[in-house]
Number of protein chains: 2
Amino acid sequence: MKRTSRDIRTANRYGVLRHVVAQSPVSRQEVAAATELSPATVANLVGELLDLGMLVEVGYEDSDGGRPRGLVAVNSSGAALIGVDVAETYIHVELFDLALTVLARADEELRPRENDPGKVVAHIADAVSSVVEQAGVAADRVLGVGVSMPGQVDREGGVSVFAANWDWHDVPLLRLLAEHIPYPLYLDNPLRACTVAEQWFGAARGRNDAVVVNLGTGVGAGLALGGTLHRGVSNSAGEWGHTTLVLDGRQCHCGNQGCVETYVGAPGIMRNLRELSPDSPLLHPDDQTATIEALGRGLMEGDPVAVKVVHTTARYLGAALADLINLLNPEVIVLSSWVAAALGEPLLAEVRAAVAGRALRRPLANTEIVLCPIPSNPVSLGAATFALEGSLASVGRKNRRTTPGDRATPRNRATPRDRTTPS
Amino acid sequence: MKRTSRDIRTANRYGVLRHVVAQSPVSRQEVAAATELSPATVANLVGELLDLGMLVEVGYEDSDGGRPRGLVAVNSSGAALIGVDVAETYIHVELFDLALTVLARADEELRPRENDPGKVVAHIADAVSSVVEQAGVAADRVLGVGVSMPGQVDREGGVSVFAANWDWHDVPLLRLLAEHIPYPLYLDNPLRACTVAEQWFGAARGRNDAVVVNLGTGVGAGLALGGTLHRGVSNSAGEWGHTTLVLDGRQCHCGNQGCVETYVGAPGIMRNLRELSPDSPLLHPDDQTATIEALGRGLMEGDPVAVKVVHTTARYLGAALADLINLLNPEVIVLSSWVAAALGEPLLAEVRAAVAGRALRRPLANTEIVLCPIPSNPVSLGAATFALEGSLASVGRKNRRTTPGDRATPRNRATPRDRTTPS
């Protein structure tokens, strides 16, 4: 019973903006058809977004003999959003306009095993300053900064609860960042960042039930169920990497045995390779990135060992994805992150075949499996989207602190284009 | 984007009625506090339910020096609901008043392998007539009949898509039933019936994220996520029994190997017993019910074989439940159905220990595991609740066909009781 009419209004506002971002310019009628919201609700929400300067009116389209339909588009330059991808060895920051086009990028390298929170915070702050300066955006146009931090995070408290790689426990990351960064800050982890990116810009857009599978060093499954991100009671849903695929199987760093991650995460794939061909030149014993990339190149060249390793990995991955299909009955499963990108279509084809051999007929017939279609870094994009969602969620609340730049001109109208005469 | 303001209003209506059913008599203020809805929304929804004759006003309570607060209660006799539990060997039908108290029961036995749809329909129709007659309820007071049918169902079309035990394919069950039964009909399967029963009357009430695990001949997991039943894109979510626990493990009737069901369903538990002690007197080779009941009695008596079998079963079940905890991060997992009832507290204790050894710390700390607290048959109760939800969902729609009996007297007021003088 925690879902309120404010929540649904916020979700509908996301839905409208998502559709306009993707389809600009677009009529309110098209938005209503695509979102299944009533024309009155859409008119109302579009009005709010125009008032906020997030959308602009851009003219009219012909409408087959009826009255001409007003078109709205996202007001790209109305505001800026920043997304921060904190990883083990680097910090990658991007600044976006409201159409979520990248305007500036900055990278900071982290020394291996650098784990001092103060130093990490300083790197993030430097990169954020850098992108704002590069893009020449006024400070009052920055709607917010979304930070993706690996591991378990308390998003409401802004705390990194546990980050395995750095052995962080309860680091108050947003409080530390707020000492250096003058914009609203939003925290979550890469799994949820990728999922939100797919909901807004990728394969989960317009889908009610989607699963975004992150295949990297670790693996996880972001769950977008009933049109919203399923977080669970303590914001830790999605630990599919630590579900059992082989009872009493391979030892996992979580303490259990046989976890999905030990078979399909990058180190697990390296082990699949080592077990099949211990002396393969594809194997870079201390470098998982190089090994996965070598496998990807091997696939292109038809290297039989690479083909065999991907076949074996797909057998494990297919069984674990069939579990998600049988349990959750999603419309789409998206394979995301760097391992999925490196092994690409050959992995996808093997995985689809393996899933078809295992999932139940009825849910299988309703599930598509695709590679992540987002061409840029989905983590920083998703992190920026957290900032966008955060600023939309605060619309209508008392003392809204930051508003997009064009707010002073309500219903800011761009020069009409594509104007047609009613026939 | 399929969730509309009508959906949320319906969900809120369920929430208010659920709370009043559980706590009658209760003030609007208490309902608002418990449901987190605004006082104005609660007043509005309570008004609707009073108009429908589902609630009645029953007096006032003292309120510590303020104005006396009006109390409302469920109008038990305002309408009747019927729940039908169709199983392999029997049909069990119950008629409930609006407080979901059983007023009448009827059972029909099915001959082994009876699978003719016409005969099954006739048995259901006979049992439904019988409970209406027994209870002496006027036909226009019956809000509807919920039917729980095992297997895959198309609830909107009213079709039994696939029922493995009877080899039914695409049987238009509700259309056939409508020829004999003059009340609105609602179809779903037992997994979802049990889950809805827990949401309304059991351990999932007031919980945002709950998993109801059915342990019977087959096993499944009903998912109540974000406060609503998660159905998936084709209403087949919850097939946890057919997720892989042991890759290449025991052969399952679904065609795969190593499914959860083959280790923790009743036939799986029989196999666990046979592998541990092939000559045990607890084993009734052709009777799973008798075997599980013998194990339950054995546990009471401290029989070492029974204890060992439950320990082994709990190891499998604990791993599979840890998967649900890690993936979904629920507030509560409910162990339901006849195997859970038969093995009871000893199974629960072993399962809790096994889960504690496997689930990740953070989600584990936030999940309770409990036995189903519903004292009656949760399937027929849940099926009746489908009829209640169905009739609530139709409130406000054009041409509502059936209304509860007291509709002619709007805001039907019972004699005030417990009236107190404002202090």
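Helices (H or I, at least four residues) and strands (E, at least two) are DSSP runs, numbered from the N terminus. Pro25(B) falls in the loop between helix H1 (5-23) and strand E1 (26-27) of chain B. This is a predicted model, in which local features need pLDDT of at least 70 and side-chain atom pairs count only at pLDDT 80 or more, while totals for chains, interfaces and linings use all residues. Residues are numbered from 1 along each chain as its sequence is written, chains are lettered from A and ligands numbered from 1 in the order in which they are written, and side-chain values use heavy atoms, with hydrogens and water left out.

**Backbone geometry**

- The peptide bond between Ser24(B) and Pro25(B) is cis, with omega near -10°.
- In chain A, Ser24(A) and Pro25(A) are joined by a cis peptide bond with omega of about -10°, and Pro25(A) sits in the loop between helix H1 (5-23) and strand E1 (26-27).
- Asn235(A), a residue other than glycine, has a positive phi near 55°; its place is the loop between strand E14 (228-229) and helix H7 (261-264) of chain A.
- Asn235(A) has a relative accessible area of 10% and is therefore buried (buried means under 20% relative accessible area, exposed over 50%, partly exposed in between, with a 1.4 Å probe and protein chains only).
- Ser337(A) is not a glycine either, yet its phi is positive at about 80°; Ser337(A) lies between strand E15 (332-336) and helix H11 (338-356) of chain A, in the loop.
- Ser337(A) is partly exposed because its relative accessible area is 26%.

**Buried polar residues in helices**

- Thr385(A) belongs to helix H13 (residues 378-393) of chain A and counts as buried because its relative accessibility is 1%.
- A polar atom of the Thr385(A) side chain lies 2.7 Å from the backbone oxygen of Leu381(A).
- Beyond neighbours within four places in sequence, Thr385(A) is in contact (heavy atoms within 4.5 Å) with Leu100(A), Val196(A), Trp200(A) and Phe201(A).
- Asn272(A) is in helix H8 (residues 266-276) of chain A, and its relative accessibility of 2% is why it counts as buried.
- Apart from neighbours within four places in sequence, Asn272(A) is in contact with Arg250(A), Tyr263(A), Val309(A), Thr313(A) and Tyr316(A).
- In chain B, the buried residues of helix H8 (residues 266-276) include Asn272(B), Ile269(B) and Leu273(B).
- The buried residues of H8(B) pack against helix H7 (261-264), helix H9 (288-300), H10 and helix H11 (338-356) of chain B.

- Trp240(B) touches residues of both chains, including Leu327(A), Val213(B), Val260(B) and Leu324(B).

**Cavities**

- There are three cavities of 30 Å³ or more, a cavity being a set of points on a 1 Å grid over the protein atoms alone where a 1.4 Å probe fits but cannot get out.
- The largest cavity holds about 150 Å³, a volume being the space filled by probe spheres set on the points, with grid points joined across faces, edges and corners.
- Its lining (residues with an atom within 4 Å of a point) has 14 residues, and Thr243(A), Asp323(A), Thr243(B), Asp323(B) and Leu327(B) lie nearest the centre of the largest cavity.
- Helix H10 (304-328) of chain A and helix H10 (304-328) of chain B are the elements that give two or more residues to this lining, with H10(A) giving the largest share, four residues.

Notes. A polar contact is a pair of N or O atoms within 3.5 Å; within protein, one must be able to donate a hydrogen and the other to accept it, and residues adjacent in sequence count only if both atoms are side-chain atoms. On a 1 Å grid over the protein atoms alone, a cavity is a set of points where a 1.4 Å probe fits but cannot get out, and a pocket is an open set with protein on both sides within 12 Å along at least five of seven lines; lining residues have an atom within 4 Å of a point.
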